[in-house]
Amino acid sequence: MAKGVLAITEQRDGKFRKVAYEVVSEGRRIADGLAGPLTVVVMGNAVDALAEEIKAFGADKLLVLDDPALADYRTDAYTNALAACLPAVDPAVVLLGATAQGKDLAARLAARLNAGLAMDCTAVKVAAGTVTCTRPMFGGKLFADVTIQGTPQVIAVRPNVMAIQRVAREAAVEKPAVQPGEVKTSVVENLMDAGGKVELTEAEVIVSGGRGTGGNFQPLEALAVALGGAVGASRSAVDEGWRKHGDQVGQTGRVVSPALYIACGISGAIQHLAGMSTSKVIVALNKDPEAPIFAKADYGIVGDIFQLLPAITAAVQKIKS
Amino acid sequence: PDTESLVQIAGDGKSIKKDDIKWVMNPYDELAVEEALRIKEAKGGSVTVVAVGPQKAQETLRTALAMGADKGVHVNDPVAEGGDALATAKILAAVVKGLPFDLIICGQRAVDEDNYQVGAAVAEFLGIPHISIVAKAEVLDGRIRCHRTVEGGTVVVEAPLPALFTTQRGLNEPRYASLPGIMKAKKKPIEVKTIAALGLDPATVGAAGRKLIIQALRLPPERKAVRMIPADTPAAAAEELVRILHTEVKLI
Ligand SMILES: Cc1cc2nc3c(=O)[nH]c(=O)nc-3n(C[C@H](O)[C@H](O)[C@H](O)COP(=O)(O)OP(=O)(O)OC[C@H]3O[C@@H](n4cnc5c(N)ncnc54)[C@H](O)[C@@H]3O)c2cc1C
Ligand SMILES: Nc1ncnc2c1ncn2[C@@H]1O[C@H](COP(=O)(O)O)[C@@H](O)[C@H]1O
């Protein structure tokens with residue numbers, strides 16, 4: 001009978017993405033709830049060091065799928081390799097992060113297994129052997145509590161939501177022969193943004209700008225640097241060509257969940273809220289006291305962002321020094 | 001539902017009230033239709049649009065036909081209703097199996113349940129490769145090259161045709177249906193299909209085939225009322241905000 005949890009980690013260029021720690025930590029909690037083992041999968045090329053590192057987060061068993069065919073993420077190679085080892089593990093739950101890669105893999109793998117999938121979950125609870133997931137729907141206007149029939153239950157959790165927890169445990173390491181199968185897709189090129197920046201969906205702090213910036217994001221960048229965060233944007237700011245599409249937060253952009261979201265010159269349209277309403281603390285800076293964003297914020301200041309932002313940056317720097 | 005719609009929970013606590021909602025084409029599907037039309041304009045061929053849904057879904061198909069698609073297929077069957085992404089993908093795959101095709105384009109997600117799943121599942125059921133979240137697509141000789149948006153950048157991926165990809169904003173600016181387009185669309189064919197005609201087992205589709213079971217819908221947890229920080233001077237407001245974030249919320 002299906003038992004325990006299989007947690008699939010995500011790495012890029014030999015480093016785990018933050019979501020990997022979240023998935024393994026949440027996987028440990030679910031496995032404990034189900035009184036079953038946690039198997040953690042590390043996939044890639046030459047990933048032994050990663051396998052070693054993830055041991056500190058509570059795996060009972062590590063499955064290391066190490067093969068040149070897995071160097072780049074390719075849906076077919078990853079799906080085939082995972083599907084080949086699943087029967088031996090026979091997990092009750094397959095857990096991934098709902099990133100670009102994780103969502104893609106979860107969808108294809110679930111279809112391969114004819115398994116139910118709960119995408120982009122913000123909470124997972126186990127009671128009396130039943131796993132219940134919470135997922136925002138309709139752009140976060142409603143939350144659904146869902147269960148999945150049959151096994152495995154495939155669950156993808158929203159990045160930046162699940163608590164990371166270290167759990168000391170001895171993990172057995174297995175390195176099965178990788179079976180990437182027939183691979184039709186190929187990666188031609190990786191066009192990554194210049195390094196050194198915090199990535200939007202992993203950021204603890206996001207300073208986001210809208211039409212009210214008038215295209216001048218410099219004061220937002222400065223505050224983001226002071227807070228160690230990232231800069232996001234409303235669709236208007238993207239449509240104006242001030243920011244790239246990848247920065248757009250909202251229903252037709254990225255869904256983010258930082259600890260702190262600072263909305264600067266953003267009115268608070270429903271489609272924007274869809275992308276940031278699960279942020280833990282929301283601060284709104286807007287010159288219009290009637291702006292709808294204030295109704296969704298925890299803290300608000302009515303004022304001109306070009307006066308407020310430099311002052312906030314200075315105050316942050318003062319505290320940090 | 002239109003993204004502006006108020007979405008309310010129905011009496012059963014598990015579904016939404018459908019009466020007052022304005023239904024529109026999913027914004028990611030507008031990108032899909034537009035991209036299909038552009039590829040047709042550049043390379044020839046024809047564009048077929050497919051929808052699974054009740055009678056109302058026909059309006060969406062008509063919109064796509066008015067934009068320039070050639071024909072529609074509408075799976076309109078009470079048995080198909082209430083399905084999850086997997087069940088819907090099974091139906092779509094069955095429809096496509098009966099059609100000649102080189103390329104399938106889906107939205108990356110539908111702005112209802114936000115499943116991000118149907119495209120990949122259709123490709124899996126058809127045994128063809130898929131590439132998701134695509135902001136730029138080029139049809140080359142027998143292949144498709146896609147710019148796939150990932151966190152922190154773009155990955156360029158290729159797959160041989162037939163293939164499927166899912167859309168991301170930035171792909172194109174969808175056209176509006178013109179008046180002549182709307183007139184022409186009225187005469188374009190929409191083929192209506194049932195689950196039985198597609199040869200599908202009714203137990204595997206629609207509400208009966210659901211594996212993702214909605215136990216309850218609820219409103220998101222309410223935030224406390226906003227605390228407005230007085231802005232007598234920008235500096236004073238900034239100091240106070242940072243003090244709160246530092247000492248009360250312990251974020252900075
Ligand atoms: C199908 C669909 C999908 C959409 N998807 C998205 C999405 O994913 N993300 C998204 O963001 N939007 C999305 N939108 C658009 C959305 O409806 C809004 O149009 C958009 O979010 C508005 O952006 P904004 O708040 O920057 O601009 P505006 O609404 O124009 O607001 C600008 C704000 O800045 C304030 N302001 C101006 N100057 C200053 C200043 N100097 N100091 C302080 N405040 C100032 C103004 O008071 C105003 O509140 C979508 C719309 C549709 C129909
Ligand atoms: N009922 C349906 N009829 C036709 N296409 C659908 C249907 N449901 C989903 N799709 C397609 O699948 C995409 C992703 O939907 P989802 O996985 O449900 O978020 C949509 O953008 C559509 O392209």
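## Backbone geometry

A:Pro152 sits in the loop between β10 (142–148) and β11 of chain A, where helices (H or I, at least four residues) and strands (E, at least two) are DSSP runs numbered from the N terminus. The peptide bond that leads from A:Thr151 into A:Pro152 is cis, with omega near -10°. This is a predicted model, in which local features need pLDDT of at least 70 and side-chain atom pairs count only at pLDDT 80 or more, while totals for chains, interfaces and linings use all residues. Residues are numbered from 1 along each chain as its sequence is written, chains are lettered from A and ligands numbered from 1 in the order in which they are written, and side-chain values use heavy atoms, with hydrogens and water left out.

In chain B, a cis peptide bond joins B:Leu161 and B:Pro162, with omega of about 0°, and B:Pro162 is placed in the loop between β6 (153–160) and β7 (163–167) of chain B. B:Asp114, which is not a glycine, has a positive phi of about 50°, and this residue is found in the loop between β3 and α4 (118–126) of chain B. As background, most residues other than glycine have a negative phi, and most peptide bonds are trans.

## The contact between chains A and B

The contact, meaning heavy atoms within 4.5 Å, takes 89 residues from chain A and 81 residues from chain B. The area buried between the two chains is about 7,200 Å², and carbon and sulfur atoms give 58% of it; buried area is here the accessible area (1.4 Å probe) that two parts lose on being put together, summed over both. Of the area that chain A buries against chain B, A:Arg108, A:Phe138 and A:Tyr299 supply 10%, which is more than any other three residues.

Across the interface of chain A and chain B there are eight salt bridges, a salt bridge being a side-chain nitrogen of Lys or Arg within 4 Å of a carboxyl oxygen of Asp or Glu. One of them pairs the side chains of A:Arg112 and B:Glu124, at 2.6 Å from N to O.

## Salt bridges over all chains

By the same rule the count over all chains comes to 40 salt bridges. Within chain A, A:Arg158 forms a salt bridge with A:Asp120, their closest N and O atoms being 3.0 Å apart. This pair links distant parts of the chain, 38 residues apart, with A:Arg158 in the loop between β11 (153–157) and β12 (172–174) and A:Asp120 in strand β7 (residues 117–121) of chain A.

## Ligand 1

Ligand 1 lies between chains A and B, and 26 residues surround it, the closest being A:Ser234, A:Thr252, A:Ser267, A:Gln271 and A:Asn286; a residue is counted as near a molecule if one of its heavy atoms lies within 4 Å of it. By class, this shell has five nonpolar, 16 polar and five charged residues, where Ala, Val, Leu, Ile, Met, Phe, Trp, Tyr, Cys and Pro count as nonpolar, Asp, Glu, Lys and Arg as charged, and the others, Gly among them, as polar.

A polar side-chain atom of A:Gln248 lies 2.8 Å from an oxygen atom of ligand 1, and a polar side-chain atom of A:His272 likewise lies 2.8 Å from an oxygen atom of ligand 1. A polar backbone atom of A:Ile305 is 3.0 Å from a nitrogen atom of the ligand. The protein covers 78% of the 990 Å² of accessible area that ligand 1 has on its own, as computed by the Shrake-Rupley method with a 1.4 Å probe. The elements that give two or more residues to the shell are α6 (235–239) and α7 (270–273) of chain A.

## Ligand 2

Around ligand 2 there are 15 residues, and the closest are B:Asp29, B:Val52, B:Ala110, B:Gln117 and B:Val118. This shell divides into eight nonpolar, five polar and two charged residues. Oxygen atoms of ligand 2 lie 2.9 Å from a polar backbone atom of B:Gly107, 2.7 Å from a backbone N or O atom of B:Ala110 and 2.8 Å from a polar backbone atom of B:Val118.

The protein covers 85% of the 480 Å² of accessible area that ligand 2 has on its own. Two or more residues of the shell come from each of β1 (48–52), α3 (85–97) and β3 (103–107) of chain B, and β1(B) gives the most, with three residues.

Note on methods
Polar contact = N/O pair within 3.5 Å; in protein donor to acceptor, adjacent residues only side chain to side chain.
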